[in-house]
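Keep the 3D view open as you read, and take the points in any order you like.

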Amino acid sequence: MSEQRTFRFHKAELKFLGAAGEVTGSKTLVKAHNKNILVDCGLFQGEKTSKEQNWAPLPDELKQIDAILITHAHLDHCGYLPRLVRMGYCGPVYCSPGTRDLMKVILMDSAHIQEEDAEFANRSGYSHHKPAEPLYTIQDVQQTLPLIKALPLKIWQTVVPGVEVSLSRTGHIIGSTAMRLKVKCAEKDCLITFSGDVGHGRQETIKGPDALPDTDLLILESTYGDRVHSNQVALDCLEEVLKRIQNNGGVLVIPSFAVGRAQEVLFLIRLLEDQKRISPIPVILDSPMSTEATKIYLDHPEDHPPNLSFEKKSRNFYPNRFELIRNTQESIEVANRKGPLVIISASGMLQGGRVLHHLKTRLPDERNAVLFVGYQAEGTKGWFLKNQGKIEGVLRIHHEPVPVRASIESIESLSAHGDCNDLLNWIRSASHPPQQVLLNHGVPSASKALAKKIEQELNIKATAVE
Ligand SMILES: [Zn+2]
């Protein structure tokens, strides 16, 4: 393990076991009072070499965990949990009520995909492992769920003897929270806060982050640490793309993360229709998990923006001509549908899932468009299509070359992550600035750029974890 990934802070030791110099696999071990607490338990995603880390033998550090804290339900923060349980973990997993509810859906879906992929690999002979095995199964998830314990926000709770935690909202997705740890000490307690992923308060469907609570050490994400989101208005961009599709009878494919982004996009399309800026357009949601996640969104009004009550007007959430795909057969039949039409499907970074089938059908037609609405990690198929698709003119899907004639668009301002100014402002929102900041969850250029800004503009010691 690189020394740069181990840090000592008063009576605690921190070891970054993932999301160090990259954006996936979030896992940080906190050792204090002879106990081990794991903050986030994420899957590595993206390039093959990155994903292979999920299969590595369990490092010794992960064999003696006393408690786990999960900041939010995205797979790169919680998706390794069933694997850890499969390998013997049976302690508590603490998170917010929203995260608990979303995790049930997300982990089940993840296990389902793992099982399907292994089965497909065995049938087609793709795998080097004989027989191919899933990373974890639905049964592993069933054993994981009873370990999850939801905590109320902003109340100190004991995690292990000598360490307490308090959760506060970060406005990234439903249930997303920062984890503030209080490590008890005879002289003075020490406060260490993990941001998880931080939102920015400009999403229509989720409340912005709470002020950063006072903390001595802050571990801060830096996904967009070197970028300022364009000030394009998401609604205007979406209107322009939808009008184009309506005029030329094309099909718009929106690869979307099932949780958070899909709900925001559905809501924005409905808003454009209500404001009579577009005429109602058929919108197909082909992601069973998004459907489940939308129900959970509606169940957690504590995270909705104050001026919007989905409980009272939940119908407004869906576009007027909204259709839900319920099974694989219906999904296959979408290929025969003519435009104008919008298809929202997962996965958001084209790492797999039904969206690949829709792209295979729609990419070769120049009347169509693909709209990216979220972060594309380097090495993913989504990153390639967004940055190289038009240049190369071809995208490989399921080992076949598919011509890229559809237009490739993106709306950066729909991101659920704050940009570098948002993150600086979040630090400023604390009533007392932290003594030190460690930057994780970012490519090295992003983490280093944010570290420099924090030192220059806020005069706080900041280090990029690599
Ligand atoms: Zn996230």
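This is a predicted model: local features need pLDDT of at least 70, side-chain atom pairs count only at pLDDT 80 or more; totals for chains, interfaces and linings use all residues.

1. Six strands make it up, in the order β15-β14-β16-β13-β17-β20, and their pairing is parallel. The edge positions belong to β15 (322-324) and β20 (407-410); each has a single partner strand, so one side of each lacks a neighbour in the sheet. From one strand to the next, the twist averages 20 degrees.

2. Strand β17 (residues 369-372) runs parallel to β20 and is joined to it by four bridges.

3. Helix α10 (residues 355-362) lies across β13 (251-255), β16 (341-345) and β17, and it runs at about 150 degrees to β13.

4. The antiparallel strands come next. Strand β9 (residues 163-169) and β10 run antiparallel, with seven bridges joining them; Arg169, for instance, has Thr177 as its bridge partner in β10. On to β11 (residues 190-194): it pairs with β10 over five bridges, in the antiparallel sense, and Lys182 has its bridge partner in Leu191 of β11. β10 and β11 form a hairpin, with six residues between the two strands.

5. Is strand β10 largely enclosed or largely open? Of the seven residues in β10 (residues 177-183), six are buried, so the strand is largely enclosed by the rest of the structure.

6. Two helices deserve a look together. Helix α6 (residues 234-248) packs with helix α7 (residues 261-274) at an angle of about 75 degrees, and their axes are 10 Å apart. That angle makes α6 roughly perpendicular to α7. On the α6 side the contact is made by Ala234, Leu235, Leu238, Glu239 and Leu242, and on the α7 side by Leu268, Leu271 and Leu272. Sorted by class, this contact of α6 with α7 has seven nonpolar residues, one charged and no polar.

7. The buried residues of α8 are Pro288, Met289, Ser290, Ala293, Thr294, Ile296 and Tyr297. These buried residues pack against α4 (97-124), α7 and β14 (283-286).

8. Please check two cis peptide bonds by eye. One joins Gly339 and Pro340, with omega about -5 degrees; Pro340 is in the loop between α9 (328-333) and β16. Another runs from Ala346 to Ser347, with omega near 10 degrees, and Ser347 lies in the loop between β16 and α10.

9. Finally, two histidines have positive phi values. For His10, phi is near 50 degrees, and this residue lies in the loop between β1 (6-9) and β2 (12-18). It has 16 C-beta neighbours inside 10 Å, so His10 counts as partly exposed. For His399, phi is about 70 degrees, and its place is in the loop between β18 (394-397) and β19 (400-403). With 7 C-beta neighbours inside 10 Å, His399 counts as exposed.

Definitions and conventions
Residues are numbered from 1 along each chain as its sequence is written. Axes are lines fitted to C-alpha atoms, for helices over the stretch in contact, and angles run from 0 to 180 degrees between N-to-C directions. Angles under 35 degrees count as roughly parallel, over 145 as roughly antiparallel, 65 to 115 as roughly perpendicular and the rest as oblique. Two residues are in contact if their C-beta atoms, placed from the backbone, lie within 7 Å. Ala, Val, Leu, Ile, Met, Phe, Trp, Tyr, Cys and Pro count as nonpolar, Asp, Glu, Lys and Arg as charged, and the others, Gly among them, as polar. A residue is buried if 20 or more other C-beta atoms lie within 10 Å of its own, exposed if 12 or fewer, and partly exposed in between; C-beta atoms are placed from the backbone. Two strands pair if DSSP finds at least two bridges between them.
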